[in-house]
Amino acid sequence: MINLPAFDSLSAITGWFDAMPAFDKAAADAARDRQAQLTKPPGSLGRLEELAVFMAGWHGDPRPRVMSAQSLVFAGNHGICCHGVNPFPQEVTTQMVTNFERGGAAINQLARAAGATLSVVALDLERPTADFTTGPAMSEEECLDSMRHGAEAVDPAADVILLGEMGIGNSTVAAALAHACFGGEPGDWVGRGTGADDERVALKSSVVAKGRQAHADATGLGILAALGGREQAAICGAVLAARAARIPVLLDGFICSASAAPLYAAAPALLDHCIVSHASAEPGHARLCAALGKSPLLDLGMALGEGTGAALALSILRGALECHNGMATFAEAGIGGA
Ligand SMILES: O=C(O)c1ccc[n+]([C@@H]2O[C@H](COP(=O)([O-])O)[C@@H](O)[C@H]2O)c1
Ligand SMILES: Cc1cc2nc[nH]c2cc1C
């Protein structure tokens with residue numbers, strides 16, 4: 001398990017932030033130097049070059065490798081489903097967890113294809129969070145407990161962590177988190193999720209507006225407890241644990257990015273070791289990525305969740321590191337530089 005102080009209170013967690021490991025600039029500079037010597041025109045591997053430098057800085061190693069990749073899917077249920085924000089019934093969360101366990105979901109195929117292990121963590125599915133329009137979704141203790149579960153699930157031996165989620169109704173939760181962290185109108189963050197029609201989209205906006213009204217004073221990790229769900233809290237715990245162990249993180253789509261937003265609201269540098277793996281088809285994701293200062297790696301028109309975009313991004317990351325470590329330099333290949 002990764003060594004972190006006890007998850008005693010949300011304010012105590014905020015106190016850890018300054019002591020979290022930072023990017024190793026010397027290792028990143030050495031990786032950048034190597035990129036300049038590889039047998040290609042400078043910059044011609046585009047984002048792959050940035051990925052290699054990013055991995056070097058977080059691993060503290062100019063020649064970073066991905067020997068072990070862990071995909072983590074957190075599942076939770078949500079009190080706001082009582083408003084009818086979800087086209088699919090809430091039981092689908094548990095049914096999909098069974099599907100993950102039997103190997104039948106998209107993430108099973110994509111994690112295997114990308115060479116990642118898959119761990120699924122179901123968080124108290126029989127006991128949905130509370131309806132955030134009338135009170136906090138989670139008590140501080142409930143929120144801390146889910147953060148702890150998320151942190152404990154991270155494999156300290158992993159070289160990269162892929163985060164994903166499953167939770168019927170959580171596109172409304174994600175919109176509420178993004179709205180509370182970054183402002184704007186509820187409609188800026190609400191989308192169709194698993195297939196809401198226009199009427200249901202309008203209902204989702206009104207639920208998000210009521211949630212914000214009910215928790216207007218919430219800031220930072222207080223937003224996570226007030227408006228989030230257990231899988232969102234677990235994602236935050238996993239992001240913190242990965243950071244403590246210098247393990248880079250691939251965040252999945254809209255829901256996963258919004259889940260991490262309260263950490264950004266508490267201290268923007270806390271997401272420096274995270275990459276947004278793909279641009280979700282949910283319309284609020286572009287705005288959310290801009291607010292987080294992240295540029296998604298892929299854009300495949302996907303909006304599934306489960307960590308599917310993160311699994312696909314792992315293959316890109318592997319390609320980047322194969323080039324970084326395996327290519328010859330101009331000197332080695334006897335090719336004249338520019
Ligand atoms: O992360 C995304 O980009 C994303 C976009 C739309 C839907 N989802 C998934 O769909 C579920 C939430 O949708 P809904 O309609 O029930 O709020 C949840 O299980 C998410 O994993 C995920
Ligand atoms: C079937 C189904 C699969 C999912 N995977 C992630 N969210 C989902 C939502 C539904 C409804």
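Q: Before we go on, what are we looking at, and how is it numbered?
A: This is a predicted model, so local features need pLDDT of at least 70 and side-chain atom pairs count only at pLDDT 80 or more, while totals for chains, interfaces and linings use all residues. Residues are numbered from 1 along each chain as its sequence is written, with chains lettered from A and ligands numbered from 1 in the order in which they are written.

Q: How many residues does α3 have, and what span does it reach?
A: A helix's expected span is 1.5 Å times one less than its number of residues. α3 has 13 residues and reaches 18 Å from first C-alpha to last, close to the 18 Å expected.

Q: How many residues of α3 are buried?
A: Count other C-beta atoms (placed from the backbone) within 10 Å of a residue's own: 20 or more is buried, 12 or fewer is exposed, and in between is partly exposed. In α3, 11 of the 13 residues are buried, so the helix is largely enclosed by the rest of the structure. Among them are L48, E49, F54 and W58.

Q: What do those buried residues pack against?
A: Contact here means C-beta atoms, placed from the backbone, within 7 Å of each other. The buried residues of α3 pack against α2 (25–37) and α13.

Q: How is the protein divided into domains?
A: Domain bounds come from an automatic or database domain assignment. Here you get domain 1 (10–64 + 327–333) and domain 2 (69–322). Their centres, taken over C-alpha atoms, are 26 Å apart.

Q: Which residues and elements make up the side of domain 1 that touches domain 2?
A: 17 residues of domain 1 are in contact with 21 of domain 2. On the domain 1 side, α1 (10–14) and α3 (47–59) are the elements giving two or more residues. α3 has the largest share, 8 residues. By class, that side divides into 13 nonpolar, 3 polar and 1 charged. The classes: Ala, Val, Leu, Ile, Met, Phe, Trp, Tyr, Cys and Pro are nonpolar, Asp, Glu, Lys and Arg are charged, and the others, Gly among them, are polar.

Q: What surrounds ligand 1?
A: For a ligand shell, a residue is near if its C-beta atom, placed from the backbone, lies within 6 Å of the molecule. Ligand 1 has 24 such residues, the closest being S171, G193, G253, S280 and G305. β3 (160–166), α7 (170–182) and α11 (254–266) each supply at least two. The shell has 9 nonpolar, 11 polar and 4 charged residues.

Q: And which residues surround ligand 2?
A: F88, V92, M96, M166, T194, L304, G305 and E306 do. That makes 5 nonpolar, 2 polar and 1 charged.

Q: What does UniProt list for "active site", and is that residue buried or exposed?
A: The unreviewed UniProt entry lists E306. E306 lies in the loop between α12 (284–292) and α13 (308–326). With 28 other C-beta atoms within 10 Å, E306 is buried. Leaving aside neighbours within four places in sequence, the contacts of E306 include V73, A105 and M166.

Notes:
Helix = DSSP H or I, 4+ residues; strand = E, 2+ residues; numbered from the N terminus. UniProt positions renumbered as here; feature names shortened; annotations may be inferred. Contact = placed C-beta atoms within 7 Å.
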